[in-house]
Amino acid sequence: MTLLASSVGPPPAEADGGIGLSCRGLVYIYRLEGYDVVALAGVDLDIAPGESVALVGPSGSGKSTLMSVFGGLLTPSAGRLVVGGRDITRAGPGELAQMRATSVGVVLQGPGRNTLPYLSAEQNIEFAQRGAAGGRRRGLPPAREVLALVGLTGRHQMRSRPGRLTPGERQRLALGVALANAPGLLLADEPTSQLDSRARDEVVVALESVRRAGTTVVIVTHDPAVGASMGRTVTIRDGRVGAEGRSGEDFAVVGRDGSIHLPAEALQVFPPGTFVRVVMEPDGSARLLPAQPANVVLPANVVEPAQPTVPDLWGEEYR
Ligand code: ADP
Ligand code: MG
């Protein structure tokens, strides 16, 4: 299945169906003056071609950083990332730019960052297609087809500048701009934030059309309904994959260092700092038992810490 197939010429290889990605031990460190921020602390993730995935998790957990690394906007500090069979970790700036121009479409958070304000919707798509090399450009779909894929079909919607569109239409135009070059992978950071539920649902429908056309879709969202619509959710916590959800069921994921992020309800029983005895059962399952180690004796002058409070794992925006 070819995304946005055009009747003119053969589709480029990258557009022929979705492309997958695979990363192992992906690390990204923001180096600031005087200190470093470890935004990604070893992400292991596989996304198959044609899959649709929602990255969820608390604010500051590394979702946007992960999207930027996937999209070739940031170079990982360590680890391995393969996008559509291409090893991005070793790619130079030229190769990364080419990847963005042909195989990966990125929608940054906030639709205004993805469109040009003085061009109509149609012209925005055409402008995005200008970067493509001659032969490839001829194989791209007309702007109207791209806009139709994201549900912008009215004359007003096609001819208007972004500022005259509704917030939902503007967001769908941002998706269209990212799809203009018929990428095999669409990355969208919070494409439904700040939309009312109707506009949000229209974006969800647009994303579903994109996925049905064969493109792999990866989004960041805080909206549980949007996450559920994607089929697979990956929870990022502290710069790692903390949990995976499939068809509404959540699974904790054992990290490469053997660690496991407990779900919120388990944290009520095992607050951070709790000593836990892990008892392996003959049937292959394991039990977690809270334990008070006998050999831990607090010196007399040390006041035993108050019961730690359960951190609010979901952050502000979940409430
Ligand atoms: P999320 O999208 O899940 O909210 P981010 O990827 O934006 O998370 O941020 C992950 C961590 O990296 C946070 O601690 C954040 O403060 C930090 N961070 C993000 N962007 C920058 C930046 N440009 N410079 C320095 N630190 C950053
Ligand atoms: Mg973010």
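Author: Start with burial: a residue is buried if 20 or more other C-beta atoms lie within 10 Å of its own, exposed if 12 or fewer, and partly exposed in between, with C-beta atoms placed from the backbone. The model is predicted: local features need pLDDT of at least 70, side-chain atom pairs count only at pLDDT 80 or more, and totals for chains, interfaces and linings use all residues. Residues are numbered from 1 along each chain as its sequence is written, while chains are lettered from A and ligands numbered from 1 in the order in which they are written.

Reader: What makes helix H1 largely enclosed by the rest of the structure?

Author: Helices (H or I, at least four residues) and strands (E, at least two) are DSSP runs, numbered from the N terminus. H1 covers residues 63-70, and six of its eight residues are buried, so H1 is largely enclosed. The buried ones are Lys63, Thr65, Leu66, Met67, Val69 and Phe70. Across the chain, buried residues make up 39% of the 319 residues.

Reader: Why is Val220 called buried?

Author: Val220 has 24 C-beta neighbours inside 10 Å, and it therefore counts as buried. Val220 lies in strand E8 (residues 216-220). Contact is a separate test: the C-beta atoms of two residues, placed from the backbone, must lie within 7 Å. Not counting residues up to four places away in sequence, Val220 touches Leu55, Lys63, Ser64, Met67, Asp189 and Glu190.

Reader: How do you know that Ile236 is buried?

Author: Ile236 has 24 other C-beta atoms within 10 Å, so Ile236 is buried. It is found in strand E9 (residues 232-237). The contacts of Ile236, leaving aside neighbours within four places in sequence, include Leu55, Gly57, Lys63 and Leu66. Ile236 and Lys63 are 173 residues apart along the chain, yet their C-alpha atoms are separated by 6.5 Å.

Reader: Which residues surround ligand 1?

Author: Here a residue is near a molecule if its C-beta atom, placed from the backbone, lies within 6 Å of it. The shell consists of Tyr30, Leu32, Val37, Ala39, Ser59, Gly60, Ser61, Gly62, Lys63, Ser64 and Thr65. H1 gives the largest share, three residues. By class the shell has four nonpolar, six polar and one charged residues. Ala, Val, Leu, Ile, Met, Phe, Trp, Tyr, Cys and Pro count as nonpolar, Asp, Glu, Lys and Arg as charged, and the others, Gly among them, as polar.

Reader: Why is H3 called roughly parallel to H7?

Author: Axes are lines fitted to C-alpha atoms, for helices over the stretch in contact, and angles run from 0 to 180 degrees between N-to-C directions. Helix H3 (residues 121-129) and helix H7 (residues 167-179) pack at about 25 degrees, with axes 8 Å apart. That angle makes H3 roughly parallel to H7, since angles under 35 degrees count as roughly parallel, over 145 as roughly antiparallel, 65 to 115 as roughly perpendicular and the rest as oblique. In the contact, Ala121, Asn124, Ile125 and Ala128 of H3 meet Leu173, Gly176 and Val177 of H7. These residues divide into five nonpolar, two polar and no charged.

Reader: What angle do H7 and H8 make?

Author: The axes of H7 and helix H8 (residues 197-212) cross at roughly 20 degrees and come within 8 Å. H7 and H8 are therefore roughly parallel to each other.
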